[in-house]
Amino acid sequence: RSALEAHPGRETHERLESLASVLRLFNKTADAILKHVERFHFEAHNNHLLRRNRRRDCQRLEEEIQEALYIFAACSMTLVDQSRALTDKIHVPGYCGRITRDFSESPRHRFVQELRVDMIHVTLHEPNWQLTWGKGEERTTRFLLHASKLRRLDRYHSLAKQYVSDHPNGIDVGTTVSQYRDEINALHAWLREAVEASAADILADYRRCQRIVRAVGSRTWWRIILSQVLIQGNR
C-alpha cells in the first residue's frame, strides 16, 4: 500500500474520482432544484399551496430551493477549482481554449461565480416565485432572482452584470440551472476523456497495481476468517 501511495498515477486517478464525485453532487442538486420547482408548480396550481393553512408547506418548499441553490453554486465552483488543479498536473490539449471560449467569456458562468460568492460570503438569496396563467388556462411557475436583491451587483464581473441586465424581469433559476448543468456536463465528459488519453499509461498501471493490492488484501482477510473463525470454531 505504501508503494501504491507513491505511484505516479495515484494523484491523477484520485483527482478524477474526486471530480466525478463532485459532478455527481452537482447534478443531483440541479435535479433537486428542478424537481422542487415542479413540485411547487403542482401544489400551487392544484392543491392550494398558497392558502394560509398551507403556509408552512410553502415555506418549506421555498427553503428547499434556496438550500439546493446554495449547494449548486458551491459545487459549480468546486468543479472549477478541482479541474484547474488537475490540469495543472496533466497537460490537456485544448483545455485552456475551451475554458476561455465556453466559460471565462460566458455571462452565465460569470453570474454563477458571483452567485456562489454572494451565497457563501454575503447572504443566502431567496428566489421569489411567480405564477402565471395564459391562454387556454396555460399555467407556469418560475423562481426568479431579481437585481434589487443582489447586494454585490455593483462589484460583479462585467459579464455577470451583462447576464443580469439581459434578464430585466428577473433571472429564472430553473432555466439558468438547467442550461448551466448541460454546459458543465459537456465539459466534464470531454475533460475526463482527454485526461484518460493524456495519462493513459500511468493510469492503467496504477489501476492494475491497485487491483493487485486489493486482491492480496482480500485473500489475506478471508484466510484469517477461515482459519481463526470458521475452522477453529468448528463452523
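At what angle do the axes of helix 7 and helix 8 cross, and within what distance do they come?

Analyst: This is a predicted model, in which local features need pLDDT of at least 70 and side-chain atom pairs count only at pLDDT 80 or more, while totals for chains, interfaces and linings use all residues. Residues are numbered from 1 along each chain as its sequence is written, and side-chain values use heavy atoms, with hydrogens and water left out.

The axes of helix 7 and helix 8 (residues 200-231) cross at roughly 85° and come within 5 Å. Helices here are DSSP runs of H or I with at least four residues, strands are runs of E with at least two, and both are numbered from the N terminus. An axis is a line fitted to C-alpha atoms, for helices over the stretch in contact, and angles run from 0 to 180 degrees between N-to-C directions. Helix 7 and helix 8 are therefore roughly perpendicular to each other; angles under 35 degrees count as roughly parallel, over 145 as roughly antiparallel, 65 to 115 as roughly perpendicular and the rest as oblique.

On the helix 7 side, the contact (heavy atoms within 4.5 Å) is made by Arg-192, Val-195, Glu-196, Ala-197 and Ser-198. Helix 8 contributes Ala-200, Leu-203 and Arg-207. By class, this contact has four nonpolar, one polar and three charged residues. Ala, Val, Leu, Ile, Met, Phe, Trp, Tyr, Cys and Pro count as nonpolar, Asp, Glu, Lys and Arg as charged, and the others, Gly among them, as polar.

Helix 8 also packs with helix 2 (residues 10-46), at an angle of about 90° and with the axes 9 Å apart. Helix 2 and helix 8 are therefore roughly perpendicular to each other. From helix 2, Arg-10, Thr-12, His-13, Glu-14 and Leu-16 meet Ile-202, Leu-203, Tyr-206, Arg-207 and Gln-210 of helix 8. The classes in this contact are four nonpolar, three polar and three charged.

Helix 7 (173-198) also supplies at least two residues of the lining of the largest cavity, as do helix 3 (55-89) and helix 5 (107-122). On a 1 Å grid over the protein atoms alone, a cavity is a set of points where a 1.4 Å probe fits but cannot get out, and lining residues have an atom within 4 Å of a point. The lining includes Val-173, Thr-176 and Val-177, along with Leu-69 and Phe-111. It divides into nine nonpolar residues, one polar and no charged.

Technical notes:
1 Å grid on protein atoms, 1.4 Å probe; cavity = no way out; pocket = protein on both sides within 12 Å on 5 of 7 lines; lining within 4 Å.
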